[in-house]
Amino acid sequence: FFTFFTGQGNGVFEGVMKTDSTIEGTYSQGSFSFPFDLKRQMAKNKPEELIGAGTELIIPNGEVEIGGTLVVPEGEVLAPLVVLISGSGAQNRDSEVFGFKIFAELARQFKEQGIASFRYDDRQVGKSSGSFSEATLEMLSDDVNAIIEHLVNMEGANFSEIIVLGHSQGGVVAGKVAAQNTWVDKVIFMASTGVSLKEILRFQVSQAYNSGTYSKADIEEEINYREQLMEAIRDEGDIQLAKEKYANHYKKMIGSLPASQRAALGDVDKLVVRQANQLEAAYSSPQMQSLLFYDPADDLRKLEIPALVLFGGKDTQVAEGLNRPPLESALNRSNSNYFIKIFPEANHLFQKANTGQVDEYSMLEAQFVENFSDYISTWIKEN
């Protein structure tokens with residue numbers, strides 16, 4: 001048995017063990033129920049089987065310790081080193097999403113192509129200490145700076161150059177580090193944002209509502225009330241008033257639904273209050289506050305090193321159409337020799353996608369689109 005809040009009512013699963021690897025049962029949400037089976041899944045390969053064990057390191061940054069894995073090509077005396085920075089949410093060093101170990105796979109392919117890599121657990125994950133939600137953009141950047149300093153000065157280390165690669169929100173961290181850290185020779189933005197997190201959330205919420213259930217005017221107003229709450233928290237304004245305005249409008253939106261859908265949501269008053277409280281909690285975290293209004297283009301304009309920008313043509317989380325123009329405009333004003341590459345069939349994880357929607361990730365092959373890592377490796381070696 002398990003239950004969880006879906007955002008619009010509770011989802012409930014009840015089942016029984018049929019074999020040692022299968023639970024068969026029923027999932028219910030509102031007035032709908034249907035068969036739902038759980039099957040034990042085993043990863044095809046463990047990271048160490050994919051890449052070799054690598055070298056486990058614990059790197060200090062003040063009171064925080066960062067655990068990670070250094071992988072160096074066999075027989076290479078001098079190799080470029082790529083520091084891999086994960087996206088939003090506390091992630092392990094493999095940056096694993098639905099069984100796709102994104103950074104483990106990159107490390108494996110880099111090793112084959114004569115490139116070293118270091119991937120690490122985010123704060124509060126795996127072998128890393130500290131609090132992730134309390135870590136601001138400045139603190140996340142400091143972690144990367146501490147990693148670079150440690151690796152550069154490590155006994156026996158002899159890397160030809162230092163490269164930072166940031167995926168998604170990790171690109172904001174990578175840009176900040178690359179603009180400030182003189183040890184960094186190149187930077188790679190992998191499905192990275194060119195606008196503030198506030199703008200990204202506006203796009204993502206609009207997409208999430210884009211099913212025809214609500215009017216465009218109601219959706220726009222809902223987003224505006226979200227942003228008023230963000231600003232009230234930032235400015236230490238009347239947060240309670242902002243929450244009430246949001247809850248009232250959200251309740252009005254629910255009231256426009258057919259009676260059967262409203263009934264499936266349960267107690268609407270409790271639902272809208274819970275939604276408003278959840279938004280307040282999310283927007284109040286130090287990390288979220290440090291990112292919501294931060295413009296990554298400010299760092300990009302300061303770059304004086306080569307930069308590679310990668311987008312998936314079917315990415316619905318960090319869409320090229322929203323993020324490429326400001327990113328490209330900023331790089332045009334920098335001293336960076338930059339390249340932009342679009343993989344037309346790729347989603348946010350750079351898998352070959354059908355729709356690019358998040359709910360498709362788990363159904364796709366846990367591998368990159370063709371020539372993805374080869375393109376990165378070639379760019380590293382030729383620039």
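This is a predicted model: local features need pLDDT of at least 70, side-chain atom pairs count only at pLDDT 80 or more; totals for chains, interfaces and linings use all residues.
Visitor: Is Phe 350 buried or exposed?
Guide: Phe 350 is not a glycine, yet its phi is positive, at about 65°. Its relative accessible area is 0%. Buried means under 20% relative accessible area, so Phe 350 is buried.

Visitor: Glu 236 also has a positive phi; is it buried or exposed?
Guide: Glu 236, not a glycine either, has a phi of about 55°. It sits in the loop between α6 (216–234) and α7 (239–255). The cut-off for exposed is over 50%, and the relative accessibility of Glu 236 is 73%, so this residue counts as exposed.

Visitor: Which strands are the edge strands of the open sheet?
Guide: The sheet has 8 strands with mixed pairing, in the order β5-β6-β10-β7-β11-β12-β13-β14. An edge strand here pairs on one side only. That applies to residues 55–61 and 338–343, which are β5 and β14.

Visitor: By how many degrees are neighbouring strands of this sheet turned against each other on average?
Guide: The figure is an average over neighbouring strands of the sheet, and direction is ignored. The turn is 20°.

Visitor: Which residue of β14 is the bridge partner of Leu 308?
Guide: Strand β13 covers residues 307–312 and pairs with β14 in the parallel sense, over 6 bridges. Leu 308 has its bridge partner in β14. That partner is Phe 339.

Visitor: What angle does helix α12 make with β14?
Guide: Helix α12 is formed by residues 320–332. It lies across both β13 and β14. Its angle to β14 is about 170°.

Visitor: Which strands does helix α4 touch?
Guide: Helix α4, residues 170–180, packs on the sheet, and its direction makes about 140° with that of β11. The strands it touches span residues 79–85, 159–167 and 186–190. These are β7, β11 and β12.

Visitor: How many residues join β2 to β3 in the hairpin?
Guide: Strands β2 (residues 10–19) and β3 (residues 22–29) run antiparallel and are joined by 8 bridges. One of the bridges has Thr 19 with Thr 22 of β3 as its partner. The hairpin connects the two strands through 2 residues.

Conventions. Residues are numbered from 1 along each chain as its sequence is written. Side-chain values use heavy atoms; hydrogens and water are left out. Two strands pair if DSSP finds at least two bridges between them. Helices (H or I, at least four residues) and strands (E, at least two) are DSSP runs, numbered from the N terminus. Axes are lines fitted to C-alpha atoms, for helices over the stretch in contact, and angles run from 0 to 180 degrees between N-to-C directions. Contact means heavy atoms within 4.5 Å. Buried means under 20% relative accessible area, exposed over 50%, partly exposed in between (1.4 Å probe, protein chains only).
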